[in-house]
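Work through the exercises below with the model open. Try each task before you read its solution.

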Amino acid sequence: MKIVLENLTKKFPGRNKKSKDEVIAVNNFNFEIPDGKLIGLLGPSGCGKSTALNLLCGLLAPTEGKIYFGEDEVTNLPAENRGVGFVFQNYALYPHLTVLQNIMFPLENLKGKDKLTKEQMREKALEAAKLVQIDELMDRKPGQLSGGQQQRVAIARALVKMPRVLLMDEPLSNLDARLRLQTREEISRIQKETGITTVFVTHDQEEAMSISDMIVVMKDGVIQQIGEPQKVYDEPENLFVAKFLGTPPINVFTGEIKEEKLWIGSDFCMDVEGVRNQEVYVAIRPEGFVFCQEETPERKLHCCLQAVEVMGRDISVVATHPLLENVVMRAIISSETKVDTGRKEISFELKKNKVFIFNKETEERIYLK
Ligand code: ATP
C-alpha cells in the first residue's frame, strides 16, 4: 500500500491565545512512500518525527493537507479504521495478560463480518508470534520476558490484524546495544517477509540507514532531504544533512574559494572549476583523507596530530586544525598505513568525492563540475 502525503502540516498553538510561540511540528510534507518499502523518519529530538507518525495513524488531525493510503484518502478517518499497526518505544503490553492474550487483544474487538472465533484468534496470534519467533513463549507474562522479547510481542500484536501500514516510533530505544542490533535486523526481515509498508521513526542515523529503503531527514518540522540512505550519505544537499549522517561525524572546516581554488587557511586543497569567489564550509568525510608520508606543499591539508586510535581493520587519526568547526577531526585510514605517532604535524590529500562544499550563509551545497 503506497502512502501519499500532500501539503501535510501540523501546527500546535501557543499556550495562550496571545502567545506567538506556535510550533509548526510538521511543515508542508509532500512525498510518496512506495508500496512495500521501509521508510526511516530521521532527525534530532523535537524535529517532528512522532507528530508525523501520529498524523499517519490518526491519533492527531492535521492543520492542513491530506493523507492517502493507496487511492483512499484517510485524512479524516479515525485511527481504528485506518488499518495501521503501531509499535511504541515502551512496548505498552498489558502486564496481567499472557503473551498470547496480548497478541490476541486487537482481534477481540472485531465486529460484524470480521468477528473471529476464539480458535481463529489463537491461530492468527500464533502466526504473528511465529513471524517474530516468540511462539515458544505464549504462556508467559510480559514481566517474565527480556526487553527484546517484549518488543517482539508488541510487534506481533501490531501485525496480528495484518495492517495496511506498520508504524514504529523509536521501537529499539529501550534495548541494549546488542539487542538493538539484533532486533533491527529482525524488523528488517519481518518487513520484507510481510511486505507491509512501514514507517520507522528514530533519531539514530545508523539505525535508520541500516534498515531503511528510503530515509527522510527532518529538522524543525521541515524535510531536509529524502532518498536512499547511501545516496543521501554520498550526496548531502545541505550542511545539516552532511553533519547528521555518518559515524564518526563529518569534519567541517571554514574555507574560501579564490580563483576557482579551494583553500582552508593557507592550505590549497583542490581545484573547484566554475565556482565563484566566496567563503564556504568544507565538509570532509573521515574516509576522505589520504595520509601523505612525504612532505610536499601542493594540495595538502596540514593538521596537528593528537592521537592514533587502532580500530582493527582501520585506524582513526585524531587531529586538530585552527579552522575546524568540530573539536577534533577524525580521518579513517587503513591499518596497514604506518603513522609515526611521535610527529606533530600530519598532512592529507583529499578524495574529491568525499569533500562537500556549502555556501557559508545558506549552508546549501555548492555542486562541483
Ligand atoms: P523526540 O525525538 O524527542 O520524540 P520528535 O522529533 O518526535 O522528538 P515531536 O514530538 O513530533 O518531535 O515534536 C515536534 C515539536 O512539536 C516539538 O517542538 C514539540 O515541543 C512540539 N509538540 C509536540 N506535541 C505538542 C503538543 N501537544 N502541544 C504543543 N507542542 C507540541
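**Exercise 1.** How many cavities of 30 Å³ or more does the structure hold?

*Solution.* The model is predicted: local features need pLDDT of at least 70, side-chain atom pairs count only at pLDDT 80 or more, and totals for chains, interfaces and linings use all residues. Residues are numbered from 1 along each chain as its sequence is written, and side-chain values use heavy atoms, with hydrogens and water left out.

Start with the term. A cavity is a set of points on a 1 Å grid over the protein atoms alone where a 1.4 Å probe fits but cannot get out; lining residues have an atom within 4 Å of a point. Volume is the space filled by probe spheres set on the points, with points joined across faces, edges and corners. The count is two.

**Exercise 2.** Describe the largest cavity and its lining.

*Solution.* Take the volume: about 50 Å³. Next, list the lining: Leu5, Leu8, Phe29, Phe31, Ile33, Leu41, Ala52, Leu56 and Val199. Strand 1 (3-12), strand 2 (23-33) and helix 1 (49-57) each give two or more of these residues. Helices (H or I, at least four residues) and strands (E, at least two) are DSSP runs, numbered from the N terminus. Strand 2 supplies the largest share, three residues.

**Exercise 3.** Is Thr9 buried or exposed?

*Solution.* Locate Thr9: strand 1. Its relative accessible area is 4%, so Thr9 is buried (under 20%; exposed is over 50%, partly exposed in between; 1.4 Å probe, protein chains only). Now find its contacts (heavy atoms within 4.5 Å). Leaving out residues up to four places away in sequence, Thr9 touches Ile24, Val26, Asn27, Asn28, Pro62, Thr63 and Glu64.

**Exercise 4.** Which strands stand at the edges of the open sheet of six strands?

*Solution.* Write the order: 6-7-8-3-9-10, with mixed pairing. Two strands pair if DSSP finds at least two bridges between them. Strand 6 (84-87) and strand 10 (222-227) are the edges; each has a single partner strand, so one side of each lacks a neighbour in the sheet. Then look inside the sheet. Strand 3 (38-42) and strand 9 (214-219) run parallel, joined by four bridges. Gly40 stands opposite Ile215 in strand 9.

Terms used: On a 1 Å grid over the protein atoms alone, a cavity is a set of points where a 1.4 Å probe fits but cannot get out, and a pocket is an open set with protein on both sides within 12 Å along at least five of seven lines; lining residues have an atom within 4 Å of a point.
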